[in-house]
Amino acid sequence: MEESVLSKIICDLFDVKAIKFGKFMMKSGIETPIYFDLRVVVSYPYVMKNVADVMWQKIEETKISQDLICGVPYTALPIATCISINKNVPMVLRRKENKSYGTKQLIEGNYKARQKCLIIEDVVTSGSSVVETANILRSVGLEISDCIVLLDREQGGKKNLEQERIKLHSVYTMSTMLSLLHKHNKIDKNNFDLIEKFVEDHKNLKIMSEPFKTKNILSYSNRAKLCKNPITKKLLQIMEEKQTNLCLAVDVTSFSDLLHFAEEVGSEICILKTHIDIIEDFNVDSMKKLKEISQRKNFLLFEDRKFADIGNTVQLQYKSGIYAIAEWADLITIHHLPGPGIIRALKNIAVNQKNGCLIVAEMSSAGSYTTKEYAAEAINLAKEYSDFVVGVISQSVLTSDPNVLHLTPGVKMSEGTDNLDQKYVTPDVAIKERGADVVIVGRGITEAKNIRETASAYRRASYGFYQELLISGENE
């Protein structure tokens with residue numbers, strides 16, 4: 001690409017004040033001495049056209065193939081529109097907010113599963129906005145492998161996107177932009193050195209999880225439509241139909257007690273969680289009765305086994321022995337410490353692909369050794385093996401991908417810690433602040449005097465907090 005063309009566009013952007021110098025707060029909370037604001041170019045059609053042309057030239061140079069393009073909302077939308085019109089490339093539109101009226105679609109336009117969609121972005125810093133858009137596009141079956149950006153700030157975005165299987169192609173890097181501005185006397189040496197040092201000091205920014213209340217909130221029914229995993233779809237449909245996001249954890253030692261809880265509370269829950277190895281009188285006939293109750297009252301059975309061994313061993317633990325877990329459990333848990341092989345091993349045993357697994361990303365016990373990096377890897381695996389992994393066990397929302405469910409344990413009407421360091425959070429904190437899709441309640445219900453009424457109270461409260469999020473999302 002000719003330097004004269006690149007120089008003219010950068011100088012034009014400087015002249016229309018799309019490039020600003022001073023003190024500006026970034027999304028990450030870091031103060032930056034330079035701000036690239038491409039929103040102003042909508043008032044300068046010739047600049048916007050030139051930006052779109054040079055980005056298209058980059059697409060052609062790198063030989064990126066695409067069936068569709070999609071601009072990251074909002075700033076990149078007009079650029080993507082220019083490319084679409086001028087180059088006759090079909091475009092889809094990603095909504096930034098979920099709507100409850102009209103088509104209720106997250107992605108507008110005509111598209112088919114497996115089509116290649118190229119993401120168009122104006123500026124990439126950590127890459128979080130590109131990842132969020134890619135997750136939504138992938139959730140409807142589109143294939144995302146590349147992103148074209150006008151400016152790469154060289155602060156970690158390229159590496160972060162590679163981890164999400166997205167290759168970043170930039171027209172400018174921060175280094176080349178600064179050099180061109182300095183060459184054409186748009187920036188003095190002091191500012192040049194200041195910005196160069198800033199980039200060097202902040203070149204490995206990580207994608208930060210946004211506060212949950214700023215994320216797009218989808219209804220369970222809309223998420224079910226997006227999901228390809230049959231067990232995830234089934235769970236979301238149960239949650240919508242029964243108006244419940246409550247999972248009951250039943251840690252009892254007799255099968256009669258387990259069946260009693262299932263019968264009494266089954267109408268209030270979407271999942272019943274067990275530790276079947278603590279049952280002292282386990283037998284196949286009682287397991288058949290439990291399965292019958294789950295089908296009649298329409299909830300899933302979740303064996304919280306927390307598999308954490310090599311592939312051959314977990315396969316035997318899953319399908320064999322007296323418990324034969326794969327025959328009756330809709331969901332199981334794993335620790336991903338052994339690596340992705342454990343997921344592949346269990347997936348191969350799953351009965352007719354009607355079983356799913358949950359990865360333990362975070363735990364509710366005080367002093368847990370589950371780090372942020374460990375949790376992030378759980379999300380990577382959940383996305384990679386989305387045909388088997390339903391979601392994660394977590395204490396906070398870890399991804400905006402609608403295909404990944406977050407189940408939060410340690411929920412009780414009052415906060416606190418028990419004598420074995422189990423920490424509790426309330427349903428409103430778990431759902432409205434931490435982003436739980438399903439709350440897991442144990443002793444708060446099982447030790448109540450009237451378990452049916454207590455479970456009903458938990459269900460109404462938890463589902464109500466979810467509905468509040470939906471309403472607030474519609475009003476934004």
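Val92 counts as buried, at 1% relative accessibility (buried means under 20% relative accessible area, exposed over 50%, and partly exposed in between, with a 1.4 Å probe and protein chains only). The structure is a predicted model, in which local features need pLDDT of at least 70 and side-chain atom pairs count only at pLDDT 80 or more, while totals for chains, interfaces and linings use all residues. Residues are numbered from 1 along each chain as its sequence is written, and side-chain values use heavy atoms, with hydrogens and water left out.

Val92 sits in the loop between H3 and strand S4 (93-94); helices (H or I, at least four residues) and strands (E, at least two) are DSSP runs numbered from the N terminus. Leaving aside neighbours within four places in sequence, the contacts of Val92 (heavy atoms within 4.5 Å) include Leu68, Ile69, Cys70, Cys117 and Leu137. Tyr111 is another contact of Val92, and the C-alpha atoms of these two residues, 19 residues apart along the chain, are separated by 7.5 Å.

We turn next to the sheet. Four strands form an open sheet in the order S3-S6-S7-S8, with parallel pairing (two strands pair if DSSP finds at least two bridges between them). Strands S3 (68-71) and S8 (167-173) stand at the edges with a single partner strand each, so one side of each is left without a neighbour in the sheet. On average, neighbouring strands of this sheet are turned by 25 degrees against each other, direction ignored. The parallel pairing of S7 (residues 146-152) with S8 extends over 6 bridges, and Val149 stands opposite Ser170 in S8.

Two helices accompany these strands. Helix H3 (residues 76-87) packs on the sheet, touching S3 and S6 (117-124), and its direction makes about 135 degrees with that of S6; angles run from 0 to 180 degrees between N-to-C directions, and axes are lines fitted to C-alpha atoms, for helices over the stretch in contact. Helix H4 (residues 128-139) lies across S3, S6 and S7, running at about 160 degrees to S6.

Elsewhere, Ser254 is found in the loop between strand S9 (246-250) and helix H10 (255-265). Ser254 is also buried, with a relative accessible area of 16%. Not counting residues up to four places away in sequence, Ser254 touches Ile279 and Asp281.

Finally, helices H12 (residues 311-319) and H13 (residues 341-349) pack at an angle of about 35 degrees, with their axes 9 Å apart. Residues making this contact include Val314 and Tyr318 of H12 and Ile342 and Leu346 of H13.
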